[in-house]
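Please look through the sequence and the structure shown below, and then read the report that follows, which takes up one part of the chain after another.

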Amino acid sequence: MLFDIAPKTRREDLYDFEHELRELHKSVEHSRLIAILAPRRYGKSSLLKVFLSETKYPHIFLDLRKMVIDYGKASIRAFYECLSDELTEFICKYENIGNKLVEALKHVKGISISGFSISLSWSRRSRANIATLFEKVNEIAEKHDVKVILALDEVQELRNIINVPMLLAYIYDNLRNIVTIITGSEVGLVYDVLKLEDPESPLYGRVVKEIRLRKLSYTEAHEFLKMGFKQLNVEFSKELLDKIISEVDGIIGWLTYYGWFIAQYKAADTGEIRKKAAIQAAVEVKRFLERSRSKERYYNILKAISSGIKRWSDIKRFLEAKEGIEIDDSTFNKLLKMLIKFSFIRKADENYVFNDPLVEYAVKHLL
Ligand SMILES: Nc1ncnc2c1ncn2[C@@H]1O[C@H](COP(=O)(O)OP(=O)(O)OP(=O)(O)O)[C@@H](O)[C@H]1O
Ligand SMILES: [Mg+2]
C-alpha cells in the first residue's frame, strides 16, 4: 500500500525510485562504500529496505535511530546490543553462512554464543572488538564467494560512540567482501562524520558512491497521491491534491502521511493534518535546539527565516537586535552553516530557505 506510513519494504509498495534502485544494485557490485543521503522523510530507509529485500547478498541492517529512541540516547551499550540482535537475526536467516560464522566467533573475546543467539559484551574489560567481528564475517563471505552488505541507517548517530571513519576505512581497505551502505538525514553532518576531505582522517581519499534522493516534482506528487487514493478507494478532488502539495511540497513522507490520514479518518480538511504533522516537525527542531550550545541563536535565526526574513544581512540584523550586541560575521556564518549541515535550511540564490515547509510552519506557529 502506497500510503502505509512505515518505511516500505517491498518494491510493489514503492513509488518510482526505479533509477535509484538500479543504481544501488549496480553499486554493490563495484563500490565499497555507498551513501544514501537526503533530508528527513525523503524515502531513504524505504529505498534501502526495498533494495535489501531484493539483493541476493546477505545483509546486516542496523537502524541506528531506533537505537537512540529505544535507549534514550546513543551509547556503546545501545550500539552493541543492537548489533547483537541483528547478528542473531543474520545467523538465523542465512543458515549456511550463519553456522560458519557461529563457529568462527566462538572463541573471540567479548562474544558469547548460546544456541542461535550472539551477544557482544560492551563492558570496558571484555569489550568485543568490532573490527575482529567483521574480519570473521568477511572471511566467511570470502569462503562462500559472496558479499555481505552492512547497512547503517542514520550513520551519524554513531558519531559520539565509535570512531566511524576508522571502522569504515578498515572495512573499506581490508574486508573486500563487505560492502557498507550508510544513510543520513543530516546530510552535511554525515560528511563531517566521515571526514573524507581531512588528510588526517582514516577515510581520506576513499571513494563514496553517493545516491541523493530528491523531492517529487509537482506532477509526480500528483500521480503519487492519485495512485494512493485509488488504491484505497478514497474519493478526491484535484483541489485537494493541489492543497496537499502546496502544504508539503514533493516530500514523499509527508505526502504519504497526508494520504494515510485522509484515508483513515475520511478527513477532507488538511488544516488538522498539517497541525499534527507540524507537531512532529517541532519535536525534531526542539531536539536539535536542546542539544546545541547556541540554542537561543539558532532559534532566533529559524524564527527570522520563518517570518520571511531571508537575506544574510537581514537575518544577522534580526539576531543582533534580539541580543542587543553586534555579532561578528564568522560567528554568524558558523551558525548558518550548522543549520545547513543539519538540513534545516539551504541557500537559494541570495536567500536562506527551509528545506521542509512543515518544519517552517512548525517554527512559525509552534515554537
Ligand atoms: N518511494 C516511496 N513510495 C511510497 N512511499 C514512500 C516512498 N518513499 C518513502 N515513502 C514513505 O514516506 C515515509 C518516509 O519514508 P522513509 O522512512 O523511508 O524516509 P526516510 O528518508 O528514511 O525518513 P527519515 O529521515 O525520517 O528516516 C514513509 O511513510 C514511507 O512509507
Ligand atoms: Mg529513515
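This is a predicted model: local features need pLDDT of at least 70, side-chain atom pairs count only at pLDDT 80 or more; totals for chains, interfaces and linings use all residues.

Because 16 other C-beta atoms lie within 10 Å of its own, Gln 280 counts as partly exposed. Although Gln 280 and Leu 358 are 78 residues apart in sequence, their C-alpha atoms are 9.2 Å apart in space.

Leu 358 belongs to helix α16, which covers residues 357–366 and in which Leu 358, Val 359, Glu 360, Tyr 361, Ala 362 and Val 363 are buried. The elements that cover these buried residues of α16 include the helices α10 (238–248), α11 (252–265), α12 (270–291) and α13 (295–306), together with the strand β9 (351–354).

## Domains

The chain is divided into three parts, with domain 1 running over 17–212, domain 2 over 218–280 and domain 3 over 281–366. The centres of domain 1 and domain 3, taken over C-alpha atoms, are separated by 33 Å. Where these two domains meet, eight residues of domain 1 are in contact with seven residues of domain 3, and the residues on the domain 1 side divide into three nonpolar, two polar and three charged.

## The chain as a whole

The secondary structure of the chain comes to 16 helices and nine strands. The chain has a radius of gyration of 22 Å, close to the 21 Å that the globule rule gives for 367 residues, so it is as compact as a globular protein of that length. The C-alpha trace spans about 60 × 55 × 35 Å along its principal axes.

Of the 367 residues in the chain, 38% are buried.

## The parallel sheet

Five strands form an open sheet with parallel pairing, and their order across it is β2-β5-β6-β1-β7. The edge strands, each of which pairs on one side only, are β2 (59–63) and β7 (209–212), and the twist from one strand to the next averages 15°.

Strand β1, made up of residues 33–37, runs parallel to β7 and is joined to it by four bridges; Leu 37 stands opposite Arg 212 in β7. Helix α3 (residues 64–71) packs on the sheet, where it touches β2 and β5 (148–153), and the direction of α3 makes about 45° with that of β2.

Glu 54 lies in helix α2, which runs over residues 44–54. Glu 54 counts as exposed because it has 12 C-beta neighbours inside 10 Å. Glu 54 and His 25 are 29 residues apart in sequence, while the distance between them in space is 9.0 Å, C-alpha to C-alpha.

## Two residues with positive phi

Phe 17, which lies in the segment before α1 (18–30), has a phi near 55°, a positive value in a residue other than glycine. With 20 other C-beta atoms within 10 Å, Phe 17 is buried.

Lys 195 lies in the loop between α8 (187–194) and β7, and although Lys 195 is not a glycine, its phi is positive, at about 50°. Lys 195 is partly exposed, since 16 other C-beta atoms are within 10 Å.

Conventions:
Residues are numbered from 1 along each chain as its sequence is written. Chains are lettered from A and ligands numbered from 1 in the order in which they are written. Domain bounds come from an automatic or database domain assignment. Ala, Val, Leu, Ile, Met, Phe, Trp, Tyr, Cys and Pro count as nonpolar, Asp, Glu, Lys and Arg as charged, and the others, Gly among them, as polar. The radius of gyration is taken over C-alpha atoms; the globule rule is 2.2 Å times the number of residues to the power 0.38. Two strands pair if DSSP finds at least two bridges between them. Axes are lines fitted to C-alpha atoms, for helices over the stretch in contact, and angles run from 0 to 180 degrees between N-to-C directions.
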